[in-house]
Amino acid sequence: MASSVDSTAEELSKLGINGEWTACAPPNLQKNLQLLSPDQVELAKMLVDMGQNHLFYHWADPGVEDEDKKAFFAQVVKLDQNYPGGLVSYIRNARELLADSKAGKNPFDGFTPSVPTGEVLTHGDDSFLNFEEEGIKEAWRAAFVLVAGGLGERLGYNGIKVALPAETTTGTCFLQHYIECILALQEASNKMAKDGCQREIPFAIMTSDDTHTRTLQLLESNNYFGIKPSQVTLLKQEKVACLDDNDARLAQDPHNKYRIQTKPHGHGDVHSLLYSSGILNVWHSAGLKWILFFQDTNGLLFNAIPASLGVSSTRQFHVNSLAVPRKAKEAIGGITRLTHADGRSMVINVEYNQLDPLLRASGYPDGDANCETGYSPFPGNINQLILELGPYIDELKKTGGAIKEFVNPKYKDASKTSFKSSTRLECMMQDYPKTLPPTARVGFTVADTWLAYAPVKNNPEDAAKVPKGNPYHSATSGEMAIYRANSLILRKAGAKIDDPVAQVFNGQEVEVWPQIVWKPKWGLTFSEIKKKVRGNCSISQRSTIVINGRNIFFEGLSLDGALLVNSVDEAEVKVGGSVQNKGWVMENVDYKDTSVPEEIRTRGFRISKVEQLERTFKEPGKFSL
């Protein structure tokens, strides 16, 4: 045995591989070191030093499965490069967080909660209109970042989530809707700019291995939905290594002993991707001031963007978290100011199951309770952020884009010594403020839920189990929320809109409002919409109206049925009088009926287009309908 070890040491010495670490390396690794490049040897040394010997226990002798061994190190290189500080930092962070988890350490120990500073919007009032106007002025100095790394499997949809129709009246998918909103903002902001320059708003999309190719295909096959390809940047998120135990031993892929098991790190990676790509400096050099982060399936979000951006500008917030009113103990995180005994403070999202005990432990006997408004004073976080670009870049220079992580192992038993399955470190986009200094101006903007928040994230079965009165957050409720928001906006603009009726689709009882849909260029702000709705307009509950054009004005329209108006930008169309026909009808669909397309099944209804009046104006000029 000794002579074999001496022989191996002699061979390694000839190859220039020296050091005590080789004596600690597993025999199977020692035998294969001669196959490795100097860089791979350094990686092997790092893994041994970090207690990862088990990764080499099953390695074959030299000459057997050598290509698999090279592939192993190719993966290690990728994992090392894609994490701030490399795998050494990842493993060290994991050990620390796993130890805290096992000990049951409360991350909020020593912190006292209080209500942060923010702005509560009331849709349509003077303050709202002023904030909207300020937001439009600022929009040309903004960049938008969409976090779109997820598939629609949880929704009962096998495509990427951004390809799912936001509503089925027009079939417009989420990605198309977002791009059209950005283009409408771009045009409106350029009109207000005093220098006459036509600036382009940049749009970055964070994808993943699961979504990158399909996102690119969706864009390319639809001519990027009208935005210039040069405005769009795709940043692909990589995965992180899984962890097998409290010692942060990296988990091996159960199907391949030469591969480390990986899982997504969370949408907090968007910060490090933006930083490492260098795009933030490009934007800053181009004169941009704001960066807006949003998630992939909230069809109402842009209703609140202009006013929220106006709040950021007016209040000079470095960080502005978009939020909605939140009932006490509702299952949505609360925006909270946390002040530590040592003087540190931060404004962050605190999950609802942590907020109530934190308040009780801090001298609030009722915990998370509603105040005189009927809502909790801690507004509900909806994971949409507006950051001032300069301070954001300065902060990322300090952190390298790293976000405070957490770990959530599923333990086999109360001893917390072993896991049911591998875990990994995770990070969340909205935890960015955790590292900010107390001088950072961090606030929030609250918009009405009906206006700004209707995420699509639950499949029909899970949504049907939601207790009555709680949001379903399904494709069904998300589509109905768009019709409700548009109906209420037109009501506020002076139109008479009939009340909804209750119907059940996919086991979910929802309010069915008139199916009112418009392109963002028709009405991006409330002041714009008010100018285009004149006289005594009325729309019945069973009606459908699709507004596809910029300069379409309604004067005394009475609609009972389906009306579609299309126009080129240079046409001005006045629509009035009485329109009555059999209209479009919602027909129930069983979500288990596989003969029906997934995007229809997930909502539990299809639209039967029985009869409609459609008019298209292709020429410039003034027209009446």
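Two residues are said to be in contact when heavy atoms of theirs lie within 4.5 Å of each other. The legends below describe close-up views of a predicted model.

View 1. Asp269 belongs to helix 10, which covers residues 269-277. Leaving out neighbours within four places in sequence, the residues in contact with Asp269 are Met206, Gln237, Glu238 and Cys427. With one of these, Gln237, the link is a polar contact from side chain to side chain, at 3.2 Å.

View 2. Strand 10 runs over residues 290-295 and is mostly covered, with five of its six residues buried. With strand 3 (residues 142-147), strand 10 pairs in the parallel sense over six bridges, and Val147 stands opposite Gln295 of strand 10. With strand 14 (residues 380-388), strand 10 pairs in the antiparallel sense over four bridges, and there the bridge partner of Trp290 is Glu388.

**View 3. Aromatic pairs, in a structure that holds 22 of them.** Among the 22 aromatic pairs of the structure is that of Trp59 and Phe73, whose ring centres are 6.0 Å apart and whose planes stand at 85 degrees, so the pair is edge-to-face. Trp59 lies in the loop between helix 4 (38-49) and helix 5 (66-81), whereas Phe73 lies in helix 5, so this pair ties together parts that are 14 residues apart in sequence. Both Trp59 and Phe73 are buried. Another edge-to-face pair is formed by Phe144 and Phe294, with 6.4 Å from centre to centre and 75 degrees between the planes. Phe144 is in strand 3 and Phe294 in strand 10, so the pair ties together parts that are 150 residues apart in sequence. Phe144 and Phe294 are both buried, and they also belong to one aromatic cluster together with Phe174, Tyr178, Phe203 and Phe302.

**View 4. Strand 25 and its parallel partners.** Strand 25 (residues 552-560) pairs in the parallel sense with strand 22 (residues 533-534) over two bridges, where Val533 stands opposite Phe554. Two bridges also join strand 25 to strand 23 (residues 538-539), and these strands run parallel, with Ile539 opposite Leu559. Strand 27 (residues 571-580) is joined to strand 25 by eight bridges, again in parallel, and here Glu555 stands opposite Gly576.

View 5. Met346 has its place in strand 13, which covers residues 345-350. Is Met346 buried or exposed? Its relative accessibility is 13%, and because buried means under 20%, Met346 counts as buried. Setting aside residues up to four places away in sequence, Met346 touches Phe111, Thr336, Arg337, Leu338, Pro433 and Lys434. Of these, Pro433 is 87 residues from Met346 in sequence, yet the two are 6.7 Å apart in space, C-alpha to C-alpha.

**View 6. Helix 12 and the residue that follows.** Helix 12 (residues 305-315) is mostly covered, since nine of its eleven residues are buried. Among the buried residues are Ile305, Pro306, Leu309 and Val311. Helix 12 is followed by Gln316, whose phi is positive, near 55 degrees.

Technical notes: Residues numbered from 1 in each chain as written. Predicted model: local features only at pLDDT ≥ 70, side-chain atom pairs only at ≥ 80, totals over all residues. Heavy atoms only, no water. Buried < 20%, exposed > 50% of the residue type's maximum accessible area, 1.4 Å probe, protein only. Pairing = 2+ DSSP bridges. Polar contact = N/O pair within 3.5 Å; in protein donor to acceptor, adjacent residues only side chain to side chain. Phe/Tyr/Trp six-rings, centres within 6.5 Å; stacked < 30°, edge-to-face > 60°.
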